[in-house]
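Let's take a walk through this fold together, sheets and helix contacts included. Have the coordinates open and follow along.

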Amino acid sequence: MSVFTHPDFDHHEQVVFCHDKASGLRAIIAIHNTTLGPALGGCRMFPYASDDDAVRDVLRLSRGMTLKSSLAGLKLGGGKAVIIGDPHTGKSQALLHAMGDFVDSLGGRYITAADSGTGEPEMQAFAQRTRHVIGATPRTTLDGSIASGDPSPSTALGVFVGLREAVRQRLGRDDLTGLKVAIQGVGHVGLGLARHLKQAGAELWVCDIFDANVRQAMEELGANAVRPHDIYGLDVDVFAPCAMGGILNAETLQTLRAPVIAGAANNQLASPEIGAELQRRNHLYAPDYAINAGGIIDVYYQRVGGSAAQSDAHIRGIAETLREIFERAASSGESTSIVADRLAQERLGGVHAVPNQPQRLQA
């Protein structure tokens, strides 16, 4: 299949297939849109079942980054990179250096950062070969302490404030004490969200494909462990997807019970039609690229040299963005996902305008 006819190709400006025989690197960099600035997006490492799965993921993720930066009011475009491989066993310095070389070859059109399967050590390795990387050096946090450049704590904070706004809108409550939340995926971001929720008094149910992550959530936060396939049908107030995308689909909607869906995962909707179905079933869905923008906001302020206080205030503004989306959706009767797309495109200046009906954008 040509990338130009791929169902998820959406006027992407550039798609680069990266291969280094010596290190075994196989990767893809997708630059979706640079209207607002250079394309910034994380580098994910995942053992994709097929090359087509990797292409689909990078195309969808990079488009989501354009919308995410636009909604967040950042002077950044949308891009993403994926490395095909096991993040636990497939890394080497040679592979990471080769990836850094490919990023550098784009001359700053794409700026990379940490994502699922990568973190500060990988960014440091990239930084040995390119300056177009964020998150490789420590920075000062809001309380004055020194932390790594990993933006996942900021992503978790943004999801927390967004989740709280969704609960206020759908359930009419500000106090989260006793709120029942099911978190799918308790890696860096999911566990960070769980900590915020626990501190606010919520009750937690968690699952993860890695048993060690579940054990940590249980031991540290008193979370209840459930099997991954049971997480959708729990009788809880909030379902928080914090793992991979495509998990809101025709099959999972048959068992999903939570009235609020608010989590950190990218590309949660298997198709745009699922957003309309959630609306019809009276689930309030917080569009993923609106609620999980804390990380890109953090990375933006690292790039421009802004203060921790500026970054924190911007991240907390995610609640206001979601409030506007929820109110527009309630007024128009449209799904929150369609409203979020339209709002992002308005802020882009009308480029590639989103249709009014829940259908895929045509390339």
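What you're looking at is a predicted model, and the protein averages a pLDDT of 92, with 93% of the residues scoring at least 70. (pLDDT is the predictor's own confidence in each residue, on a scale from 0 to 100.) Some ground rules: this is a predicted model in which local features need pLDDT of at least 70 and side-chain atom pairs count only at pLDDT 80 or more, while totals for chains, interfaces and linings use all residues. Residues are numbered from 1 along each chain as its sequence is written, and side-chain values use heavy atoms, with hydrogens and water left out.

One stretch to handle with care is 351–363, where pLDDT stays under 50. The model has 32 contacts for these residues beyond four places in sequence, a contact being heavy atoms within 4.5 Å. Where pLDDT is low, the predicted coordinates should not be read in detail.

Now for the sheets. Helices (H or I, at least four residues) and strands (E, at least two) are DSSP runs numbered from the N terminus, and two strands pair if DSSP finds at least two bridges between them. Strand 1 runs antiparallel to strand 2 (residues 25–33), and seven bridges join them; Val-15, for instance, has Ala-30 as its bridge partner in strand 2. The hairpin they form has four residues between the strands, and there Gly-24 takes a positive phi near 85°.

The other open sheet has six strands, ordered 10-9-8-11-12-13, and its pairing is parallel. Here strand 10 (224–225) and strand 13 (284–285) stand at the edges, each with a single partner strand, so one side of each has no neighbour in the sheet. Strand 8 (residues 180–184) and strand 11 (residues 238–241) run parallel and are joined by four bridges, with Gln-184 opposite Pro-241 in strand 11. Helix 5 packs on this sheet, touching strand 8, strand 9 (203–207) and strand 11, and its direction makes about 170° with that of strand 8.

Helix 5 (residues 188–199) also meets helix 6 (residues 211–221): their axes come within 11 Å and cross at roughly 20°. Axes are lines fitted to C-alpha atoms, for helices over the stretch in contact, with angles from 0 to 180 degrees between N-to-C directions. That makes helix 5 roughly parallel to helix 6, the label for angles under 35 degrees. In this contact, Leu-191, Ala-194, Arg-195 and Lys-198 of helix 5 meet Gln-216, Ala-217, Glu-220 and Leu-221 of helix 6.

What about helix 1 (residues 51–71) and helix 12 (residues 336–348)? Their axes come within 8 Å and cross at roughly 70°. The two helices are therefore roughly perpendicular to each other, a label covering 65 to 115 degrees. Among the residues that meet are Arg-63 and Leu-67 in helix 1 and Asp-341 and Leu-348 in helix 12.

How values were computed
Parallel < 35°, antiparallel > 145°, perpendicular 65-115°, else oblique.
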